Structure formats: C-alpha cells, structure tokens
Amino acid sequence: MSGNVRLLDDTLAAAKAEGRSALIAYLPAGFPTVDGGIEAVKAALEGGADVVEVGLPHSDPVLDGPVIQTADDIALRGGVRIADVLRTVREAHAATGKPILVMTYWNPVDRYGVERFTAELAEAGGAGCILPDLPVQESGLWREHAEKHGLATVFVVAPSSRDERLAEITAAGSGFVYAASLMGVTGTRESVGAQAEDLVRRTRATTDLPVCVGLGVSNPAQAAEVARFADGVIVGSAFVKRMLDAPDDAAGVAAVHALAGELAQGVRGGA
C-alpha cells in the first residue's frame, strides 16, 4: 500500500491557492494515553489544522524543550510503542482524511527496521516522516524505502545552515522543508524573530518545496506573523501545554480543538 505523500502535497498546494499558510500541529503519540492522544490529534485536525505531525516519544529528545519532554515522559511511562504511534496515524487519518506525518529521531526507526517502518507507516495511511537528526548524507536507505512506499522525507534546516548546505538538504527532501526558526529547542517564545524570515528566503532560493516554520509559534498573532512569509506554520509546544494544563483528558482535547481554531484564524490573517 502506498502512503499519502500526494495528499500532503495537495493539502499544502490548496492552502497556497487560498492565499494562506497551512497550519501544521504537533502532538506526541501516547499522551496523555494512547486513546487520549488519538482524540487530541483528531481534535487538532477537526479544529482547523491542515496537517498533523505525530511525535514518536523518545527518552532523549534533543530538539524538544521541557513541555514536549514532559509529555514524552508521560507517554513512555505509559508504555507507548511504535505500534501505538502507527495506530494513532491510522485512526486519526481514517477519521479526518487529512495528512499525518510521524516526527521521530532516527534511533527508534533504525532499531525497528527501515523497510518495516516505512511499509507499516504507509499501510497506516501516513504521509511521511520528519527526521530531525538524520544527516542527509546518511539518509539514502531511508529515502529509498520512503519513496517506494509513497512517503515524504522532511528534513530540518536551521538559521546556522549555510546556503550550500541548504541546497544539499532540500535536494534530498520531499513534502516540505521544516525551517527551525531559531537555534535551540522547541517551546513557546515571546517573538519568532527575523531569523526565520531570512531562513525561509534562503531556503526558497534552493527549492520549490514549501517551507514551513516551527519552533516558537504559540499564539494566533505569531501564527499570523509567520504566515506572512512561510508556506506553513508549525505549532507543537502550545498544543501540548494546553493538554498539560487541562484538569482532565476531555478538557485537554477540547483545549486542543479550540487552539487549532484560533491558530487557523491566525494563518488566515485573522489574529
């Protein structure tokens, strides 16, 4: 069975045709529970997100700040497994018809087996994978199997990336390019900053792929700011924090739905 890279491409193109950025939400699988995580992903999509990244919880999430680390810890203590991540993708995609990617560090995929992981992600209806710590020069095996199974390979670029490096990364990727708006870990910020706009400009000079910005966007005003210059706005910690702050799982899911609606207004210039 082929994955949904085409659906991802079409979704991003449709947002562009509407004259707006796409809203991409991030939520970890297994948080607060596997079933609760599935409901949260569905709520983000039903509330207004165009795409969701489902995080594969990791014991050493080097890119993630304290909010997502807390959620990952809860998921791992709950016993979350790759099968639960794939189930989250399957059920959320089946319920909404929207593109869902997995965001994961390389080690769990390598241990699980690249062929097995790509085949099962495609079978679950996944659109692809974001691999923040997989070097492009070591990604050949992954990209071969991802392409075979109709999955996007999304790489992360940072403000520190030189132009030649940007060209190397974007030439190897598919789906979109994840532009980290600043140096450091994920988390909400007071300002997303000018670094992000410069990075998008430099990245666009190397590729026709959409360039989506993450790390630091937490409210509709910031979403609107980033939407002025990026093809997609990626929000993670703000969704997770709404769930952590909620008195119970149902309230957390409702809070995710509400935030997705607010951010969807933001990317449409309605902040």
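The following paragraphs go through the structure from the whole chain down to single residues.

This is a predicted model, in which local features need pLDDT of at least 70 and side-chain atom pairs count only at pLDDT 80 or more, while totals for chains, interfaces and linings use all residues. Residues are numbered from 1 along each chain as its sequence is written, and side-chain values use heavy atoms, with hydrogens and water left out.

The chain contains twelve helices and nine strands. Helices (H or I, at least four residues) and strands (E, at least two) are DSSP runs, numbered from the N terminus. The C-alpha trace spans about 45 × 45 × 35 Å along its principal axes. For 271 residues, a compact globule would have a radius of gyration near 18 Å, and the 17 Å of this chain agrees with that. That radius is taken over C-alpha atoms, and the globule rule is 2.2 Å times the number of residues to the power 0.38.

Of the 271 residues, 58% count as buried. Buried means under 20% relative accessible area, exposed means over 50%, and partly exposed lies in between (1.4 Å probe, protein chains only). The chain exposes about 10700 Å², and carbon and sulfur atoms supply 49% of this area. Accessible areas come from the Shrake-Rupley method with a 1.4 Å probe; for residues, only the protein chains shown count as cover. Contacts (heavy atoms within 4.5 Å) can also be sorted by distance along the sequence. Among contacts with a separation of 6 or more, 74% are between residues 24 or more positions apart.

Leaving aside residues up to four places away in sequence, A44 touches A25, L27, A49, V52, V256 and A260. The C-alpha atoms of A44 and A251 are separated by 13 Å, although the two residues are 207 residues apart along the chain.

Next come the charges. The chain has 23 positive and 35 negative side chains, and the centres of the two sets lie 2 Å apart. Lys and Arg count as positive and Asp and Glu as negative, while His and the chain ends are not counted. Each charge is placed at NZ of Lys, CZ of Arg, CG of Asp or CD of Glu.

The structure holds 16 salt bridges. A salt bridge is a side-chain nitrogen of Lys or Arg within 4 Å of a carboxyl oxygen of Asp or Glu. R20 takes part in one with E18, at 2.7 Å from N to O. R20 counts as buried because its relative accessibility is 13%, whereas E18 is exposed at 53%. E18 lies in the loop between α1 and β1. R20 also meets D50 in a salt bridge, at 2.9 Å from N to O. This pair links distant parts of the chain: R20 is in the loop between α1 (5–17) and β1 (22–28), and D50, 30 residues away, is in the loop between α2 (34–47) and β2 (51–55). Both R20 and D50 are buried.

Another salt bridge joins R87 and D35, whose closest N and O atoms are 2.5 Å apart. R87 lies in helix α4 (residues 82–96) and D35 in helix α2, so the pair ties together parts that are 52 residues apart in sequence. R87 is partly exposed at 28% relative accessibility, and D35 is partly exposed at 45%. Elsewhere, salt bridges that share partners join D163, D198, R201 and R202 into one network.
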